[in-house]
Each structure stands twice: as structure tokens, then as C-alpha cells.
Amino acid sequence: MTAVQDAARRDVIASYGVVGQPPEPDLEGLVQLAATVCGVSTAVINIIDDRFQHQIAAVGLAPSVCAREDSMCAVVFQDPGHVVVRDARQDPRFRDNPFVTGDIAAVRFYASSPLVTPEGVPIGTLCVFDEEVGDLAPEDSRALALLAHQVVDVLELRRLTRELGQSNAALERFAGQVSHDLRNPLMALAGFIELAVDSPEMVGAPQAARALARAESVADRMAAMIGDLYAYARIGGAQPRREDIDLSELVSGVVEDLEAALVTTEGRVDVHLECRLTGDRTLLRALMQNLIANAVKFTAASGVAPRVVVRSHRLTGGWRITVDDNGPGVPPDQRERVFELMERGAVDDVPGLGIGLSTCRRIVDAHGGRVGIDESETGGTSVWMVIPDAA
């Protein structure tokens with residue numbers, strides 16, 4: 001085996017984080033099952049790197065480490081399929097091995113199935129052996145192969161769980177930095193608005209005073225939303241608050257906050273909602289603000305005055321909410337991908353980081369719902385979500 005292959009296998013093994021750790025209960029259960037199915041005294045999961053064989057779970061012996069050159073499995077683990085040897089003393093590959101000769105053990109019957117990652121990298125074996133000569137029936141041999149696949153599945157799940165934990169930690173740090181970066185200019189803005197409101201010049205300008213009061217209210221809502229969204233990211237969105245919400249009232253506030261964008265784009269938002277939801281007010285407001293703002297922004301970017309329609313439809317056990325626009329739409333092959341973090345579809349000339357729709361899906365998921373994209377009646381985008389009633 002080349003040094004490149006050894007290095008690749010080392011990296012894969014390291015990603016699973018099992019070498020040098022106490023045996024995982026799931027892996028111990030699989031080796032116990034392998035020993036029972038094959039009718040032998042000993043079963044082991046071996047992870048083999050460029051120097052050592054690591055027994056990460058075993059039944060019939062205590063897990064240990066041995067040099068790769070002493071390993072029986074190191075001889076065969078890279079070859080696909082099963083290895084079944086009735087008497088290792090009669091096999092030229094094994095007869096001089098210390099596990100056979102008595103220097104380490106006195107193995108006679110030996111069978112193994114390789115552990116191969118989804119990328120095709122062999123990393124070890126699930127092996128069974130005994131000190132008595134034996135054999136495997138075809139169905140038991142197939143069972144051993146299936147159990148080897150299950151071992152890889154458990155290792156993959158362990159890897160994905162570790163990576164998810166690291167991703168969540170990175171998301172928390174990112175959310176904290178964004179929250180800090182947004183709060184500072186927002187606090188400065190609120191301070192300037194407060195100074196302007198208290199200015200003597202406002203006494204004779206009631207219209208300007210009302211506009212500043214609205215701006216102050218929007219800044220307060222944004223500050224609250226930033227804090228709540230940071231808390232949501234920090235806890236992983238596991239426990240959104242639950243309260244009774246008039247969705248029409250909530251969306252009216254969103255439309256009011258988007259008034260400047262609607263005036264600039266000559267846009268209009270029609271709201272047809274007769275819907276009360278049970279959910280987290282801050283998160284649902286962020287959800288609707290994202291969807292409506294996206295509809296206005298991308299429609300205007302296509303050179304069309306935005307027309308956005310928000311509707312609710314009662315379903316058995318929940319509500320279906322739709323946000324339709326008259327924009328360019330989303331091609332069918334991109335309608336799932338745009339919900340992934342940092343994905344923005346085919347539009348490159350509209351500002352943004354591609355975080356909005358991934359956040360929307362996370363919020364809907366946290367409420368036990370589903371979200372997707374269809375084509376609207378006007379040929380644009382129809383974002384739909386189904387939010388269940390509170391259990």
C-alpha cells in the first residue's frame with residue numbers, strides 16, 4: 001500500500017474518533033451479535049492504520065493494540081468480500097502468524113469482513129475466530145458482511161454527530177459575532193434617533209416627529225429580534241417559545257417595517273390571513289420578514305414592481321401559509337438547494353449571504369412544520385409552509 005493511501009486512511013480513521021477511546025455500546029453490541037451468529041467465542045472490530053491494529057470493541061477478550069505486521073486482518077482487510085479459513089495452520093497467509101503459532105494466541109478458525117467507508121477506503125475488519133477448527137454456513141457469512149456494514153454505519157453516525165457538534169459551536173460563535181456587529185451600529189442609530197426626537201426643531205414638525213417615532217420603534221424591534229435570534233442559535237433552536245399569535249397582526253408589523261423598500265420598488269403586499277398560530281413570536285416574525293423581504297427584493301431585481309400576496313389556508317391539524325410573488329421564480333432543480341446555508345440559487349446580483357432561507361427552514365422545523373417552494377399563479381415564486389397546531 002502506498003504512503004498516499006496510508007495517509008488517506010489515517011485521516012478517515014481520525015475522523016471517526018474511536019481509536020484510544022472506550023468501546024462504544026453500539027459497537028460492543030455488534031461484535032456480540034457477530035460472535036453469536038457465527039457460533040464462536042471471540043469477535044473483534046479492528047481498525048488498522050499504517051502501524052497498528054486497534055481493537056475498538058471485542059467480545060471474548062479485552063480490546064488491545066498490536067503491531068500491524070502481527071495482525072491477521074492486516075493481511076486481508078483491503079480485499080473485498082469475506083475471508084473464511086477453517087484452520088489457519090493450513091493457510092500460507094496465516095500459519096506463521098503469532099496469533100496462530102501460540103506466541104500471542106492459538107487461532108484455528110478465522111473469518112472476517114472488511115470495513116469499507118462510503119468513499120471506498122478500507123479501514124479494518126469485523127472478524128470472528130476460535131481456537132477450534134470451524135466453518136461458516138453461507139447465510140452466516142452473509143450475516144457477517146451485513147454486520148460489517150452496520151459497523152461502518154455506526155462509525156459514520158459517530159462522525160456526523162461530532163461534525164454537527166462542531167458546526168453548531170461554529171454557528172454559535174458566528175451568531176455571537178453577528179449579534180455584536182449589528183448591535184453596535186443599531187445602538188448608535190437609536191441614540192441619534194433619540195437625540196433627533198428630543199430636538200427643539202421637532203416641536204414644529206409633527207410629521208417628522210411621527211416618522212422618527214416609527215423609526216425608534218423599528219430600531220427597538222430589531223434590537224429585540226437580534227437578541228432573540230442569537231439566543232435561538234446558541235441553544236440550537238431546540239425549544240422555541242410557545243404563545244398564541246395573530247399572524248395577520250404580526251405580518252402587518254413586518255409590512256410596516258418594509259415600507260421603505262416597498263416605496264423604493266413601488267411594491268405592494270396584500271395580506272389575506274385569518275390565522276392564529278401557536279409558536280415563537282420572534283422566530284415567526286423573522287420567518288415572515290425573510291420571506292416577504294426576499295419576494296420584494298428578488299422581484300424588484302428582475303425589473304418588475306413587486307406584488308406579494310400572503311395567504312393562509314386551514315388544514316386538518318394545522319395551517320398552510322403561502323407567500324406568492326410575481327418575480328422570476330426558482331427553477332425546479334434549485335427549489336431544495338436554496339434552503340441550504342450559503343446557497344442563493346442562480347441570482348448573483350442581489351445583495352445577501354444566502355442565510356435567509358436556511359434560517360426559515362430551521363424556524364419551521366423547530367415548530368414541527370415543513371417548508372418548500374412551488375410556482376405561483378403569476379409565474380413567480382410561491383413559498384409555502386405548513387405549521388401544525390400545538391399538540
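1. Let's start with charges: searching the whole structure turns up 15 salt bridges, a salt bridge being a side-chain nitrogen of Lys or Arg within 4 Å of a carboxyl oxygen of Asp or Glu. Bear in mind that this is a predicted model, where local features need pLDDT of at least 70, side-chain atom pairs count only at pLDDT 80 or more, and totals for chains, interfaces and linings use all residues. Residues are numbered from 1 along each chain as its sequence is written, and side-chain values use heavy atoms, with hydrogens and water left out.

2. One of these pairs is Asp91 with Arg93, whose closest N and O atoms are 2.9 Å apart. Asp91 is buried at a relative accessible area of 12%, while Arg93 is partly exposed at 42%. For the cut-offs, buried means under 20% relative accessible area, exposed over 50%, and partly exposed in between (1.4 Å probe, protein chains only).

3. Next, have a look at Asp246 and Arg276, a salt bridge with 3.6 Å between the closest N and O atoms. Asp246 sits in strand β7 (residues 243-246) and Arg276 in strand β9 (residues 276-279), so this pair ties together parts 30 residues apart in sequence. Helices (H or I, at least four residues) and strands (E, at least two) are DSSP runs, numbered from the N terminus. Both ends are partly exposed, Asp246 at 23% and Arg276 at 46%.

4. Then there is Asp324 with Arg311, at 3.5 Å from N to O. Asp324 is buried at 11% relative accessibility, whereas Arg311 is partly exposed at 27%.

5. Which way do the pairs run? β8 and β10 (residues 307-315) are parallel over five bridges, and Val271 stands opposite Val310 in β10. β11 and β13 are antiparallel, over seven bridges, with Gly318 opposite Pro388 in β13. β12 and β13 also run antiparallel, joined by six bridges, and Val371 faces Met385 in β13. Their hairpin has five residues between the strands, and there Gly379 takes a positive phi near 90°.

6. Finally, the inside. The largest nonpolar core has 38 residues, and those with the most contacts inside it are Leu247, Leu287, Met288, Val310 and Met385; such a core is a set of buried Ala, Val, Leu, Ile, Met, Phe, Trp, Tyr and Cys residues joined through side-chain atoms within 4.5 Å. The elements giving two or more residues include α7 (247-257), β10, β11 and β13 (381-388), but α9 gives the most, with nine. Leu247 touches Leu273, Cys275, Leu277, Met288 and Ile321, leaving aside residues up to four places away in sequence; contact means heavy atoms within 4.5 Å. Another core, of 31 residues, lies apart from this one and includes Ile45 and Val128.

Methods: Two strands pair if DSSP finds at least two bridges between them.
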